[in-house]
Amino acid sequence: MAPPGSRTHTKKTDIWLLPEDEVFVGQRIREVLPDAGWLCSHPGPRGLHDVHLHPSAGEALDCGSVQAFLLLPAGAAEPPGVVVTGRRPARPGLRHAAVVQLLRSLRMPGGASEADVANEADGAGESSEIFCAGRLAVRWSEPDVGPEVHRLLYEQTRLVWQALRSATLPAVVEDVTGRKVTRTRIGTAAHELVARTGLTLTYGGDERLRLSAKLPPRPTDRRRFPAGFPPVSR
Ligand SMILES: [Zn+2]
């Protein structure tokens, strides 16, 4: 967290997405930022793999594995050493000033807890697998980028998060005590999977979360939206 007055801007949202949700989020971002380019990211030593500038989030995630980076401002040139796939950047003279990280969600063995064992006994739980949240995150320093680029980053970040909200559902989850946690998002495919299987959710730490029973409407079907949807983002 940046100290007050430092004018470092950060935004971060935890999200649970399946691969088809990632593609959908990437499509929505592309609708609002048609010039957007994504860097793939490969685990292992630097230089072992080429890094590419891909035209879509889905392609960059398919190429790398755990995360992809959206260059802002949209259309900015690829960093040195990056190989361009697809079309060239729209603004080759523009240097990127920030990156938006799209970190993938991860399904992994969780180790059976008492609750898992109880669920398995009554047939409600499928496995002790846990679904670890990914995230969408960005950070930049206003003094470093200057007022003009700051305004551009601010506006484009707003559009990216608007696209995220339009492509996902609010994830209404609760911890083991029943306390609701709502500042997160979940893709529709991920939501269906979690609702169907009772998959345990986590932010990556020790906490264990469950999807609350009430199902929000699908983001693609506007006729079913209740008044006030989408909810105000926090
Ligand atoms: Zn690549």
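Colleague: How many helices and strands does the protein have?

Modeller: This is a predicted model. The protein has 5 helices and 15 strands.

Colleague: What share of the 234 residues is buried?

Modeller: Buried residues make up 32% of the 234. Contacts are worth a look too. Take those with a separation of 6 or more: 68% of them join residues 24 or more positions apart.

Colleague: How do I read which way side chains point on a helix?

Modeller: An α-helix has 3.6 residues a turn, so residues three or four places apart point the same way. Now look at burial here. The buried residues of helix 1 are Asp21, Glu22, Val23, Phe24, Val25, Gly26, Arg28 and Ile29.

Colleague: What do the buried residues of helix 1 pack against?

Modeller: They pack against helix 2 (57-63), strand 4 (67-72), helix 4 and helix 5 (188-197).

Colleague: How do I describe two packed helices?

Modeller: Two packed helices are described by the angle between their axes and the distance between the axes. Here, take helix 1 (residues 19-32) and helix 4 (residues 142-167). Their axes come within 8 Å and cross at roughly 140°. Helix 1 and helix 4 are therefore oblique to each other. Helix 1 passes helix 4 in a right-handed crossing.

Colleague: Which residues make the contact between helix 1 and helix 4?

Modeller: From helix 1 come Phe24, Val25, Arg28, Ile29, Glu31 and Val32. From helix 4 come Leu159, Val160, Gln162, Ala163, Leu164, Ser166 and Ala167. By class, this contact has 9 nonpolar, 2 polar and 2 charged residues.

Colleague: Now a single residue. Where is leucine 17 found?

Modeller: Leucine 17 sits in the loop between strand 1 (8-16) and helix 1.

Colleague: Why does leucine 17 count as buried?

Modeller: Count the C-beta neighbours. Leucine 17 has 28 inside 10 Å, so it counts as buried. The cut-off is 20 or more.

Colleague: Which residues does leucine 17 contact, leaving aside neighbours within four places in sequence?

Modeller: Leucine 17 is in contact with Glu22, Val25, Ser105, Gly134, Gly187 and Ala190. Leucine 17 and alanine 189 are 172 residues apart in sequence, yet 7.4 Å apart in space, C-alpha to C-alpha.

Colleague: Gly134 was in that list. Where is glycine 134 placed?

Modeller: Glycine 134 is in strand 9 (residues 134-141). Glycine 134 is buried, because 23 other C-beta atoms lie within 10 Å. Beyond residues up to four places away in sequence, glycine 134 touches Ile15, Leu17, Leu103, Arg104 and Ser105. Glycine 134 and tryptophan 16 are 118 residues apart along the chain, and their C-alpha atoms are separated by 6.0 Å.

Colleague: Last one. Which form, cis or trans, has the peptide bond from leucine 72 to proline 73?

Modeller: That bond is cis, with omega near -5°. Proline 73 lies in the loop between strand 4 and strand 5 (83-84).

Technical notes:
Residues numbered from 1 in each chain as written. Predicted model: local features only at pLDDT ≥ 70, side-chain atom pairs only at ≥ 80, totals over all residues. Axes fitted to C-alpha atoms, helices over the stretch in contact; angles between N-to-C directions. Helix = DSSP H or I, 4+ residues; strand = E, 2+ residues; numbered from the N terminus. Parallel < 35°, antiparallel > 145°, perpendicular 65-115°, else oblique. Left-handed = near helix turned anticlockwise from the far one by under 90°. Contact = placed C-beta atoms within 7 Å. Nonpolar A, V, L, I, M, F, W, Y, C, P; charged D, E, K, R; others polar. Buried ≥ 20, exposed ≤ 12 C-beta atoms within 10 Å, placed from the backbone.
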